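Work through the exercises below with the model open beside you. Try each task before reading its solution.

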Amino acid sequence: MPLQQKEGHVSSSVEARAAALFAAHTHDIHKRTDRLFAGLMALQWIGGILFALWVSPLAWAGSTSSTHIHVWAAVVLGGLISLFPALLGLLRPGLPSTRYTIATAQMLMGALLIHLTGGRIETHFHVFGSLAFLAFYRDWRVLVPATVVVALDHILRGLFWPQSVYGVMVANQWRWLEHAAWVIFEDVFLVVACLRSMAELRETADRTAALEQEVRIRQQAEIDARNSEARSDAILSVALDCVVLMDESGRIVQFNPAAERTFGYTASEAVGHQLADLMIPADQRGAYQNAMPRYLKTGEAAGTNQRFELTAVRKGGEIFPVEVAIAPISSDGAAMFAGYMRDITERRRSEAALAEYTRDLEVAHDTQRQNSRQLATLVDQLRITQRRAEDATRAKSDFLASMSHELRTPLNAIILYSELLQENAEDGDAKQSIMDLQKIQSAGKHLLALINGILDLSKIEAGKMTLARETFDVREMIDELLDTVGPLVRKNNNALKVHCAGDVGAMSSDLMKTRQILLNLLSNAGKFTSNGVVTLEVVRRMEGAQIFVEFTVTDTGVGMTEEQTQRIFDAFTQADVTTTRKYGGTGLGLALVSRFCELMNGSVSVVSRPDEGSRFTVRLPLEAAPAEVPAVIGA
Amino acid sequence: MDVRSGATILVVEDNEASRDALSRRLERHGYRVMQAFDGSQAVSVARTSLPDLILMDLGLPVLDGWDATRQLKADTRTKHIPIIVLSAHAMTNHRDMALAAGGDDFDTKPVRFQALLGKIEWLLAGNGAAS
């Protein structure tokens, strides 16, 4: 439908154009002919006057003569007939009324001529000549008024004035018919000539219009082609991909700027060369040259209308990877190919980099996994080692515990028997035995103290010593303690002074251990001081946000050297080896004090000078940390 | 010296020397002493003789001190008898376990005899947990 519509539109416009051309042409003919007749009529008028003057300039009536009537007739009548249509022909050329008027006037001029020549038969040819001239209009209709005028003229003058028209006095009344018949006879040919002429004119107009149309279409097609080319050139020039057009023999026809940049050839260098020679590495040219003819023959190939990757070569000889798509395009029936190519060096490089990165990551991942495994193994080993160490400590602790038990049992008997014997000796007043038995008892008790001390240290080291927290009044605890330790301190003729600050109040801690600490320190002080003073001071102290109870035991005894104070809290390191012999003791007392203080989150320190005395300061938190859950120990 | 003469104490101890020495010392202080050398014997002697107080060792053959203590404290005939548990294991948790088994007091060996006498007198005066 749209096509037909368009065709219809085109043909109607061609027809309209043809009609316009025809109209313009006929109008032009009419105008030209009108002007021709304007001139012709003027000439006829003047010619008529001259002819009248020449044939009968004067009318003789005897000897007098006057200007012949015909001269006046030629001047006046000729003027009346000719002037108006001649003016119309000049002023309004081309109008139908003008040419009808002219046709009428021309025939009237013929009639005048015939009349002025006295009906001379030869002048009737003027009528035929005029008709022929009128046929210049190519309009058969002008012949109608002309013929009517001739016929009427012949009828009327034939009836009333035959001499004027036929040159005879009497004429057959049907003679006009013969004249009219000749006129019509000529008319027939003229009408045919007019119609043919018009038909030819019309044909010419049609052809011209068609030609014009064709020219226009061609021009449009040319413009379209030019535009299309400009468009595709613009597209190709900004395309990021290389676009190479080649003909069926593989010769480069077009080479876009991207291709210039990529391959290093200018378009003028590239065009006309075989694509294979310029852009395909030598070792692959064969495959390409095989593929192209196969495509041409079959119209299909693996290479067309799909993307693939191959290697290309630059002007400098550098080989690089390209992604290629080849599409067949036809131009005026000649097979052509568009090759689209993209340099994928960068892409390959980033793909390779990505692959390498991934590989590195995997390696790193593997290494990490391996490291994790090694670490896990190490942790396992460490755990085993730790368990072994713990087992060893526990075994040692258990060994000590059972050793303690085994030592205690005979010791129990020794002490009981020695006490029993001592009681018996007292009853029997055997003084020497009493002293000896006291030595056995003392040795037994020392051994017991030693066993107890070792056991306590062992428990602390094995982490089995726990705090039994209870709230007790410090003052009361000290009073009770003094009952036990007082006699020990005063033994060497020492004075015992106690200063307990009023605000000390109660503390929440392990009562037994606190007491043990003070007992050890006070008995030590008493032991190493003679005829001196032992002082116990108790105060509260703030240290940071924590409240401590500070116990200070000062004596005026033997004191210690700097070196001795540094080792005093280690087990079995009394001030020196002679000390034990001289003063007794297990060598564990201060070690236990130190461990107990640590266990209770407190501290112990000492200041001492030889022969001047020592001062031990113990600080214990007013509130001990909550007791841990005691470890269950088997019997 | 014979503060509570006539009171009968059952000494349960597997070590012969310890048992003998302790018994003789108690006797010196005016107590009547009965002896048992394992837990099972201790239970039967206590049931038949109904002593006023029992000194119970823990590490005993046949029936250990804890079980013996538990049985005695579970028996209506003997549960009123105060028991002082003695142990050569000077661990605090032995003390707790002994008291949990029904013992009225605890002491470690070697025995501090004067202190032990004090505890015995205290319990015989009717201060035991079972009274």
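Buried means under 20% relative accessible area, exposed over 50%, and partly exposed in between (1.4 Å probe, protein chains only). This is a predicted model, in which local features need pLDDT of at least 70, side-chain atom pairs count only at pLDDT 80 or more, and totals for chains, interfaces and linings use all residues. Residues are numbered from 1 along each chain as its sequence is written, chains are lettered from A in the order in which they are written, and side-chain values use heavy atoms, without hydrogens and water.

**Exercise 1.** Classify B:Arg112 and B:Asp107 as buried or exposed.

Solution. Start with the link: B:Arg112 forms a salt bridge with B:Asp107, with the closest N and O atoms 3.6 Å apart. A salt bridge is a side-chain nitrogen of Lys or Arg within 4 Å of a carboxyl oxygen of Asp or Glu. Next, take the accessibilities. B:Arg112 has 51% relative accessibility, so B:Arg112 counts as exposed. B:Asp107 has 3%, so B:Asp107 counts as buried.

**Exercise 2.** Find what the salt bridge between B:Asp104 and B:Lys73 ties together.

Solution. The closest N and O atoms of this pair are 3.0 Å apart. B:Asp104 sits in the loop between helix H4 (92–100) and strand E5 (105–108) of chain B. B:Lys73 belongs to helix H3 (residues 65–74) of chain B. The pair therefore ties together parts that are 31 residues apart in sequence. Helices (H or I, at least four residues) and strands (E, at least two) are DSSP runs, numbered from the N terminus. Both residues are buried.

**Exercise 3.** Describe the salt bridge between B:Arg28 and A:Glu423.

Solution. The N to O distance is 3.1 Å. B:Arg28 lies in helix H1 (residues 16–28) of chain B and A:Glu423 in helix H12 of chain A, so the pair joins two chains. B:Arg28 is partly exposed at 23% relative accessible area. A:Glu423 is buried at 11%.

**Exercise 4.** Size up the interface of chain A and chain B.

Solution. Count contacts (heavy atoms within 4.5 Å). 21 residues of chain A are in contact with 22 residues of chain B. Then take the buried area, the accessible area (1.4 Å probe) that two parts lose on being put together, summed over both. The two chains bury about 2,200 Å² between them, 59% of it on carbon and sulfur atoms. Finish with the charges: 4 salt bridges link chain A and chain B. Among them is B:Arg25 with A:Glu419, at 2.0 Å between the closest N and O atoms.
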